[in-house]
Amino acid sequence: MNHSSPLNENPDPNQASQCVKVFVQRDYSDGTMIKFQNRFPAELEDKIERQAFEYTINQMNAYFMEAEEASCGTYCEGCIACLTAYLMYMCVQTHFEKCLRKIAKFVVEQNERVYQPRGLLLTNPVDRGLRVIEITILDQAVVPRT
């Protein structure tokens, strides 16, 4: 299996936009909470190990579960925000924002360690409106329809 990336460490966004993309859809089976399907896409066969893919999706789902978790801290955060006419948010990041930063860091880490060496690029789901996780296959160009 060839794990070399034709686009070095930082893929050109224009070149990546002309490559084949695989989308991992949201999983609404448990309601509207942010959760993605961990079904292995056939397009990624021979490109990445199933366990590595499932680890990425499961870890992202765990981060999103943590972000949406109601706790005493998030309750107090909401009460203080209300009492300060939400001016608090000019100085402090919310629990949800902190979790989104963790996810962004995790995506960068996964790209460096797992995806880019295999010719793939994982896109942060926040960049796609939390609707899908986009995985770009960097060594496969889109075939134009005729």
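I began with strand β3 (residues 132-141), which is mostly covered: seven of its 10 residues are buried. Buried means under 20% relative accessible area, exposed over 50%, and partly exposed in between (1.4 Å probe, protein chains only). Helices (H or I, at least four residues) and strands (E, at least two) are DSSP runs, numbered from the N terminus.

A note on what I am looking at: this is a predicted model, where local features need pLDDT of at least 70 and side-chain atom pairs count only at pLDDT 80 or more, while totals for chains, interfaces and linings use all residues. Residues are numbered from 1 along each chain as its sequence is written, and side-chain values use heavy atoms, leaving out hydrogens and water.

**Entry: the sheet**

Which strands pair with β3? I found β1 (residues 19-25) joined to β3 by seven bridges, running antiparallel. Strand β2 (residues 120-123) is joined to β3 by four bridges, also antiparallel. Two strands count as paired if DSSP finds at least two bridges between them. As a reminder to myself, strands of a sheet pair through backbone hydrogen bonds, either parallel or antiparallel.

I then looked up some partners across the strands. Val-20 stands opposite Ile-137 of β3, and Val-24 has Ile-133 as its bridge partner there. Thr-123 faces Glu-134 in β3.

Put together, the three strands form an open sheet in the order β1-β3-β2, with antiparallel pairing. The edge strands are β1 and β2, each pairing on one side only. Neighbouring strands are turned by 20° against each other on average, direction ignored. For angles, axes are lines fitted to C-alpha atoms, for helices over the stretch in contact, and values run from 0 to 180 degrees between N-to-C directions.

**Entry: helices on the sheet**

Which strands does helix α2 (residues 50-68) touch? Helix α2 packs on the sheet and touches β1, β2 and β3, its direction making about 150° with that of β3. Contact means heavy atoms within 4.5 Å. I also checked the span of α2: its 19 residues reach 27 Å from first C-alpha to last, close to the 27 Å expected at 1.5 Å a residue. The expected span is 1.5 Å times one less than the number of residues.

The buried residues of α2 include Ala-52, Thr-56, Met-60, Tyr-63 and Ala-67. The helix's buried residues pack against β1, α4, β2 and β3. Helix α4 (residues 95-115) lies across β2 and β3, at about 170° to β2.

**Entry: aromatic rings**

How many aromatic pairs are there in the whole structure? My search gave five. Rings of Phe, Tyr and Trp (its six-membered ring) pair if their centres lie within 6.5 Å; planes under 30 degrees apart are stacked, over 60 edge-to-face, and the rest tilted.

Phe-36 and Phe-64 have ring centres 6.0 Å apart and planes at 55°, so this pair is tilted. The pair links distant parts of the chain, 28 residues apart: Phe-36 is in the loop between β1 and α2, and Phe-64 is in helix α2. Phe-36 counts as buried at 1% relative accessibility, and Phe-64 counts as buried at 0%. Elsewhere, ring pairs join Tyr-55, Tyr-63 and Phe-106 into a cluster.
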